[in-house]
Each structure stands twice: as C-alpha cells, then as structure tokens.
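Keep the structure open as you read.

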Amino acid sequence: MARFYEQHDDVANARTIYRKATEVPYKNVDELANVWCGWGEMEMRLEDYEQALQVMQQAVAEPAMNASRRRAQAAAQGKSEDKHVDNAGFEGATASDKLYKNVKVWSLYLDLEESLGSVESCRAAYDRVMDLKVITAQMAINYAAFLEEHNFFEDSFRVYEQSVALFVFPQVKKIWMLYLDKFLERYGGTKMERLRDLFEQAVAKVPAEDAAEFYLKYAKVEELHGLARHAMAVYDRATRAVPSAAQADMYRLYVKKAEQFFGVTKTRAIYERALQDLGDEDSKAMCLEFSEMERKLGEVDRARAVLQFGAQFADPRRDPAYWQRWRSFEEAHGNEDTFRDMLRVQRSVETAFAHVNYTAMDMIRAQATPAPAAGANAAGAPSMGMVSATASKVPVAMLNGMDALERSAEQEAWQRTSAAGGEKRKFAADDDEGAEEEEPPRKGVRDSDEIDI
C-alpha cells in the first residue's frame with residue numbers, strides 16, 4: 001500500500017503507512033526488518049537521504065524497555081548491569097525488542113552512515129555493532145577499509161584483530177588474508193617479529209584445505225624479508241599441515257627451495273621423509289625423482305637402492321613404466337649381476353602382487369559361499385531350497401567368474417592327474433617287461449668264462 005501511494009506522489013500517506021506498519025506486532029523479526037528497510041529505501045528513492053538516515057537510526061536503536069528489563073533482571077540476580085548482555089532473548093520478547101540486533105537493518109544503516117555521516121558517527125556505529133556481536137565478516141572488512149581510507153592505519157589493524165577473534169574458518173580466511181596483506185604493504189619487513197606473530201596466529205587454527213595458501217605466503221615473506229632457514233622450517237611444517245592429496249606437491253616445492261638455498265645434497269633428507277609420509281602412488285613417483293637426482297650426482301649405488309625401495313609399490317603388470325625406467329638405468333650404469341638382480345626383484349614383486357589378488361578372490365569366494373543354517377540336513381549339508389535361495393542373492397557375474405575359475409582349476413588338476421597316471425602306467429609296463437626279460441640264475445650250470453681258482 002505504501003508503494004501505491006509512492007507511485008502516485010502521495011509521500012505523506014506513504015510515510016504514514018510505513019509508520020503504522022512498524023507498530024504491528026509481527027511474529028518474525030525479519031518481517032519487521034523488511035518494513036523498516038523498505039521505508040529507508042523509499043526515502044532514498046525520494047532523494048531525502050537525511051530522512052533515510054534518521055529512519056534507520058530509529059530502527060537500530062535499542063528500545064528503552066529493554067534497558068529497564070536488563071537493569072531489573074540484573075538487580076533480581078544480584079549482578080551488576082552488563083550492557084552487552086543479550087536482552088532480546090528474554091521471555092515474552094517481541095519482534096520490536098529484537099530488531100536492534102537484526103543484521104539486515106544494521107547493514108543498511110552502516111551504508112548510510114559511511115555515505116552521509118561523519119567519521120566519528122560512522123566509527124561509533126561500527127563499534128556499536130561489534131559490541132552487540134551482530135557484525136558480519138563483510139562488515140568488519142568494510143570497517144577496516146573505511147579506517148584505512150581516512151589514514152587510521154593502526155585502528156584498522158585493531159579492527160582486524162577484533163574480527164579474527166570473533167569469526168572462525170572459513171569466514172575468517174578473507175579477513176586474515178587482507179590483514180596480512182595490508183600489514184605487509186604498510187610496514188614491509190621492518191616489523192618482522194610482529195608479522196611472524198600474525199602468521200603464527202593465522203596458521204594455528206587454519207584447516208587443512210586452506211593451510212597451503214597461508215604457509216606459502218608465510219614462507220614467501222621469510223624468503224623476502226627474513227631468513228632462509230626460517231623459510232625452510234615453514235615449508236617443513238607445510239608438508240604436515242596440507243591434505244594428503246596436496247602433500248606430494250608441497251614436498252616437491254620444499255625440495256626445490258632447499259636445492260635453491262642450500263644445494264642438492266640437502267634434499268636427501270627431504271626425499272627420505274617424503275617416502276615415509278606419502279602414499280604408495282606418490283612414493284613411487286618420488287622414488288623416480290630421488291633416483292634421478294642421485295644419478296645426476298654420480299651416486300649410482302644410491303640411485304639403484306632408491307629404485308629397489310620403490311619397486312615394492314609398482315606392480316609390473318600395471319605399472320610397466322617404472323620397471324622400464326629401472327631397466328634403462330641398469331643398461332646405462334649396471335652390469336650383468338645388477339641386471340639379474342633387477343629381474344629377480346621384478347619376479348618377486350609380481351608374485352607378491354599376484355598373491356594379493358588371489359587373496360582378494362578368496363575373500364570374495366568366502367563371502368559368496370553360504371554358511372550352514374537351520375535349514376541344513378542332519379549331516380550339515382544345506383537343502384536344495386537353501387542353495388537356490390542363497391545363489392539367487394549372489395551376483396550373476398560373480399558366480400560366473402568363480403565357476404570359470406573352479407572349472408579351470410579342476411581341468412588343470414585333471415590334466416596333472418592324467419599325466420601322472422600315464423607316467424605311472426608307463427613305468428609299471430616297463431617294469432613288467434623288464435621282469436619278463438630277466439631270467440633267474442640257474443643252479444648247476446657253470447659259466448664257461450668262469451675261472452676256477
């Protein structure tokens with residue numbers, strides 16, 4: 001209705017409608033906030049900005065009844081009055097009692113204060129919203145930017161300090177980033193101890209998914225304005241703080257920086273710890289990089305040992321590239337004995353992975369085999385109905401695969417048995433023929449070649 005009067009240039013009746021609407025006992029505070037914001041926006045559309053500012057000041061003002069209730073409640077409990085206590089949550093509170101803590105109303109009011117009010121009034125408004133703990137992360141950023149525009153740099157940093165204490169991740173991430181950037185822009189490397197304290201506070205509660213961004217910024221600052229060993233310590237901590245998916249990349253960056261500042265030989269300890277912390281796939285790739293570094297240094301035995309260590313993660317049937325790298329290495333730097341050792345290790349690893357696969361198949365077969373139940377017969381064998389019911393629950397593909405394996409195993413066993421039986425029959429026939437040909441010695445017959453002594 002107020003919009004209808006506004007469209008017909010009847011501003012007085014539109015303001016009357018809004019004033020009466022603010023006195024309605026709404027059940028939801030957001031409905032009352034929409035009325036107040038609509039009134040203020042109407043005044044801005046009419047370009048009566050002073051009136052809009054006054055309207056929003058009335059909206060964010062704490063009702064006098066709330067203050068009296070607070071004092072009465074404090075007196076009844078024998079406590080001193082606390083002006084920052086939550087007065088909007090008492091029993092019987094209406095929407096009007098809660099309006100002064102509405103974020104939407106405060107957002108519009110702060111925008112008007114920045115545009116129309118003085119510096120002192122705007123600061124007072126922002127301080128008030130921080131005391132009430134209604135401030136949002138974006139409000140805090142706006143407040144700090146407002147102070148910076150008016151050359152209140154330390155006050156701006158104070159706002160950042162208060163804001164990071166009020167919010168948690170992920171809301172506080174943007175505040176921390178702006179705080180660190182602004183401080184570094186303002187002071188550079190002249191206040192490194194204070195800057196280190198800020199970084200330590202930031203990384204103390206940072207979650208794993210955001211840790212890389214903070215640690216890299218921290219290490220970069222140490223490289224530019226601090227000490228190289230401090231930067232290496234930050235990279236070392238970063239390898240433990242980031243998620244496992246990003247751990248390998250962080251180790252590679254750590255290796256690169258260590259090589260840049262301290263030389264290639266200092267990277268060995270980093271590689272060794274990376275092989276302990278990373279998963280199988282990342283460790284396999286890291287072993288190739290480690291062995292290549294040792295090969296460039298002329299440490300052939302070290303490079304071969306690294307390749308042998310990483311072989312336990314590389315299945316020759318699924319990862320032939322790893323074994324091809326090792327084969328090329330032995331062809332270039334090894335001999336017949338080392339090449340034979342490489343082949344022996346390859347066969348051992350292939351056997352180990354095959355055993356793992358067979359074990360998995362045995363587990364699948366054990367899960368598919370039904371256990372004896374109450375429907376089994378006296379001998380413990382399940383009835384045909386139970387077998388059919390159990391077989392219907394097993395996937396057809398799994399049954400077909402197991403049947404094929406069983407048939408193959410039975411065929412191989414039959415072939416071995418047949419071959420063994422044939423050999424046995426052959427050996428028996430040969431023995432019989434030998435027995436028929438051999439004649440027992442006859443008594444009384446003297447050999448003509450025998451010499452009588």
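Which helix holds both F183 and Y187, and how many residues apart are they? Both lie in helix α11, residues 171-187. They are 4 residues apart, about one turn of the helix. Bear in mind that this is a predicted model.

A pair of aromatic rings is described by the distance of the centres and the angle of the planes. The structure holds 16 aromatic pairs. For F183 and Y187, the ring centres are 4.9 Å apart and the planes are at 50°, so the pair is tilted. The tilted class lies between stacked, under 30 degrees, and edge-to-face, over 60.

Now consider burial. F183 has 0% relative accessibility, so F183 counts as buried. Y187 has 16%. The cut-off for buried is under 20%, so Y187 counts as buried too.

Y271 and F290 form another aromatic pair, and this one is stacked. Their centres are 4.8 Å apart, with 10° between the planes. Here the pair links distant parts of the chain. Y271 sits in helix α16 (residues 268-277), while F290 sits in helix α17 (residues 280-296). The two residues are 19 apart. Both Y271 and F290 are buried.

Return to F183 and Y187. Both belong to one aromatic cluster, together with F157, Y160, W176 and Y179.

Charges come next. The charged end of K191 sits over the ring of Y187, at 4.1 Å from its centre. R186 lies over the face of F153, 4.0 Å from the ring centre.

Note on methods:
Residues numbered from 1 in each chain as written. Predicted model: local features only at pLDDT ≥ 70, side-chain atom pairs only at ≥ 80, totals over all residues. Heavy atoms only, no water. Phe/Tyr/Trp six-rings, centres within 6.5 Å; stacked < 30°, edge-to-face > 60°. Buried < 20%, exposed > 50% of the residue type's maximum accessible area, 1.4 Å probe, protein only. Lys NZ or Arg CZ within 6 Å of the ring centre and 35° of its normal.
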